[in-house]
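Reader: Could you walk me through this structure, please? I would like to begin with the chain overall and then go into some details.

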Amino acid sequence: MSAPSPTPPASAECDFLAPDAGGQRPLGPTPSQSRFQVDIVTEAAGASGDKSPSSDASTAVPPGDKATDGSGADPGGEEAKGRFRVVNFADPSAAGSPASPEPADGLQNGDTVMSETSLHSSTGGQHHYHYDTHTNTYYLRTFGHNTIDAVPNIDFYRQTAAPLGEKLIRPTLSELHDELDKEPFEDGFANGDELSPAEEAAAKEAAESKGVVKFGWVKGVLVRCMLNIWGVMLFIRMSWIVGQAGIGLSCLIVGMATVVTTITGLSTSAIATNGFVRGGGAYYLISRSLGPEFGGSIGLIFAFANAVAVAMYVVGFAETVVELLAGVDAIMTDEINDVRIIGTITVILLLGISVAGMEWEAKAQIFLLIVLIAAIINYFIGTFIPIKSKEPLGYFGYDSAIMWENMGPDFRGETFFSMFSIFFPAATGILAGANISGDLADPQLAIPRGTLLAIVITGIVYLGVAVSTGSCIVRDASGNANDTLSSEFMANCTDAACKFGFDFSSCKNDADGCKFGLQNDFQVMSMVSGFGPIISAGIFSATLSSALASLVSAPKVFQALCKDNIYPGLGMFAKGYGKNNEPLKGYILTFIIALAFILIAQLNIIAPIISNFFLASYALINFSVFHASLANSPGWRPSFKYYNMWVSLAGAVLCCVVMFVINWWAALLTNVIVLGLFIYVSYKKPDVNWGSSTQALTYHQALTHTLHLSGVEDHVKNFRPQCLVMTGYPNSRPALLDLVYSFTKNVGLMICGHIRTGYRRPNFKDLANDQARYQRWLLKNETKAFYTPVFAEDMRQGAQYLLQAAGLGRLKPNMLVMGFKNDWRDGDMMNVETYISMIHDAFDFQFGAVILRLKEGLDVSHIQGQDELLSSQEKSGMKDVIVSIDTSKDSDADSSKPSSKATSLQNSPAPQKDKRSPTMPLNVSDQRLLAASQQFQQKQGKGTVDVWWLFDDGGLTLLIPYLLTNKKRWKDCKIRVFIGGKINRIDHDRRAMATLLSKFRIDFSDITVLGDINTKPKKEHFCFQCHGVEELVEPYRLKEDDMEQEAAERLKDSEPWRITDNELELTTKQVRINEMLKEKREKKIIVMSMPLARKGAVSSALYMAWLEVLSKDLPPILLVRGNHQSVLTFYS
């Protein structure tokens, strides 16, 4: 048990504990205020009148068990009933302090005593807790035991600053599990719980705002959807559609549109009930389900479509007003300009209503709905009141003959699909309620109930209007009361009007045609209604309500889009104003767009595009449900159960079909725009994580395919290099990373292995954090690789861990790639033994082995810092990694030593500055090292890749250069092949190799047979080289001739790297190959068969000397040895 920490200064204590003006509380103790420190606890806690300030939210105890108060409990105990409470344990060392309570009488073991200070939770109860100032500890009791373990609570599952209540932080696993003397770790949130900065700011605004207006399902969704669906189409186009298509096909048109909207409504309900819904409507639903790519593309065009829809509805209103003015001869200028004038005045008034606030807008919508319903009722009442004066206009009241005549179609220049395309825009208002999801009190209840009920009610009304108009109005009428039928022509008349004594055949045969009837008069419903002006008021109500709904929807959707920062430069529109967070700038932008299209006053071209934009949104909502169901994610649990993934898919297909039925070129344009925005957002890769179904399906497919792949035997034609690259931190050896990635990109697997040694008590949480951080670095640098760190006792053990466990199924490494150990002569020779043993272990596991050597070295960790690893999100917070530069250069192969020593700001009292300031000039060797480390990031010019295929290892030595030269950076390089041979068979060996390479379909520029590879080095080189080799191996020789055999054996056992005299004879060949390598010019890189040393026969020091002599003073060289299983084949 650790000693109690010293009492903090009073001022600091008060600063930490006292609630601020806004009632905010610290989210958790700082490292210096650890909850792990435990002091002596006296079981008999006392009742207290202590006014101890409220403490950290993360320790508040959730509801679950009842605790019995002692006699000293204050009355607040009744309010806290059903909740665990934090108790103040008596502290002997602070007995005289004001914070020490007096002992209570009659307390049973396990009872708790609360302090007077309490904090109201978002769920209505209270959390009671006390802060022990002596030990800086929050003590809790759960089930009668002293523990900080907590029972389930909804507040643990909230997102940061969630508007519905405060987020509490449950005790972390580290806090419950780690030893008492350890500091607590910094903990984040569970996957997907964290919000983006914009979302967090918006959520805080929502949480802090007072008097926010929230709507129920009737006023918020049902009213809006009904007003939007009952557009001007109901009064001035529905009767004409019945005249053209007949009652039967008109009902079919309404039914088809209703099927599409109903399926979309069901899908919308499923998404809306799969978790808390914020503002943004269709954009929010699609983006949180399918991801930012689809959501961002649809959100922009959906907001634009709503803005242009304002103009469309306002122009419809203005045209109706101009027609009324023309009827009384009150035109101001001309019809077009009058439409512009009236439209401009109207949209200004609508903007004023919208800016006044959602409450005023909702009141206006209620008034407009009352007018609209009155107009509909007025029409139906009129159909039951036959008036003789209306008969010349084609209205005769309900009659079976009229109904039967109008049952079939009578297309005049139109088709069924053209009728459908004219009607369907009337059904595109089903998202009017969902678009203001942020202003709904309970979106999960309101959206399904209001949307589906609106679809049912409006569908019934449309069907009723279709049947009633077709049952009491004839298709053609002249309006002339004198067109009556004489008795002599009665027998020859077959029209339904003949039954009522009218003959309208005269106008049918006229060049001008009839002026009245279903086919000719758009104002039929006004004529039939009981009081005509109410129908005009209904038309005004329908157009103005739809315009008002669109004027509100567009800024709300656009504001949500801008808050997510999907498109840079639009952040200014994300700011909200007032208690309802109104997007005033969005209103102004919508107003400008609408006004521009009103002034054009020609919406016949843009109207189909608007309908297609809405349909694209519907299609994606339906597809979202199908996609989420297909992904089978445990997080897809909508409380609305009346959906089906295949029905949703059918709905998505129907929406796409309807798009092309309405207007094929507009559908193509919509798809092109959506695809363009999708590609743009995919390219920008916004830094958001919403747990979309795209992620879930990607995981599902990856898992399925990985399992399927595991059941398939490997085939030589499908061989891929899958590399375990010992990079250490991925940015510490960029040349190694870049070169391997050059031939594994889009071809094979690459795992960056990092062995961390020398830790007495490994911190596995830090390891996990590093794994996530460096994986982000790889993604940020567009390197398709995985970072896998491990803790191990030594390098060899760590390598064995990685060789055995790295990868999954068939996605496992088959090659070990390391950097050459440049400093092998400078340190402990046991490091060399470990290094060579790693190569032997790779061969034992049937891996290939590859070693890269640059004469300048590979490790640049002593030059560059690691702060670039952090994402912008981390840099904006308090998680920056501070780098301490180590001026001693690590071994290029030793991945156990960290490239930089990283500490968190929370645990470091003062950030360490880089010892090598960025302004400090580098020395010459470091400049060369830095330049060499970046050479593979650049396009390689013309040159050669020299392949010294001296030993047949299965073809890996040849495959790697082939893959390398296939990449864009290396495409100008040609392959030259060098093979060993005999002087008297050079031509034969060259032809044989050329034949083999042609069968392998590998292009080459030249083949050189090294007939003199077995000759001794040239004399002038030999002596120098031989002297160099002798000097190189002299410190590591066993010199068994100078000691007794037993002593030599003991020395060999304790120092296994020692070189015997017999082994030295094998070194000459490596000297000769190095000499020949230096003779060849213009090579970008050398790929050579790596010499193989038999275990137990060649000591590690000698093997290291071989590799040293072989690769010394050369351009970049890659020593390759496959596992002697074929990786190339010439069979199909």
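**The chain overall**

Author: Buried residues make up 53% of the 1132 residues in the chain, where buried means under 20% relative accessible area, exposed over 50% and partly exposed in between, with a 1.4 Å probe and protein chains only. This is a predicted model, in which local features need pLDDT of at least 70 and side-chain atom pairs count only at pLDDT 80 or more, while totals for chains, interfaces and linings use all residues. Residues are numbered from 1 along each chain as its sequence is written, and side-chain values use heavy atoms, with hydrogens and water left out.

Reader: How many helices and strands does the chain come to?

Author: The secondary structure comes to 33 helices and 18 strands; these are DSSP runs numbered from the N terminus, helices being H or I with at least four residues and strands E with at least two.

Reader: OK, and what order do the strands of the open sheet take?

Author: The order is S9-S8-S7-S10-S11-S18-S17-S14-S15-S16, 10 strands with mixed pairing, where two strands pair if DSSP finds at least two bridges between them. Strand S9 (786-791) and strand S16 (1006-1010) are the edge strands, each pairing on one side only.

Reader: In which sense do S15 and S16 pair, parallel or antiparallel?

Author: Strand S15 (residues 973-980) pairs with S16 in the parallel sense, over 5 bridges, and Phe978 stands opposite Thr1008 in S16.

Reader: Which strands does helix H33 touch?

Author: Helix H33 (residues 1100-1111) packs on the sheet and touches S11, S17 and S18, a contact being heavy atoms within 4.5 Å. The direction of H33 makes about 50° with that of S11; axes are lines fitted to C-alpha atoms, for helices over the stretch in contact, and angles run from 0 to 180 degrees between N-to-C directions.

Reader: Changing topic, where does Cys251 lie, and is Cys251 buried or partly exposed?

Author: Cys251 lies in helix H6 (residues 238-272), and Cys251 counts as partly exposed because its relative accessibility is 23%.

Reader: What does Cys251 touch, beyond residues up to four places away in sequence?

Author: With those left out, Cys251 touches Leu463 and Val467. The C-alpha atoms of Cys251 and Ala466 are separated by 6.8 Å, although the two residues are 215 residues apart along the chain.

Reader: Last one: where is Tyr398?

Author: Tyr398 lies in the loop between helix H10 (358-383) and helix H11 (400-405), and Tyr398 is partly exposed, with a relative accessible area of 37%.
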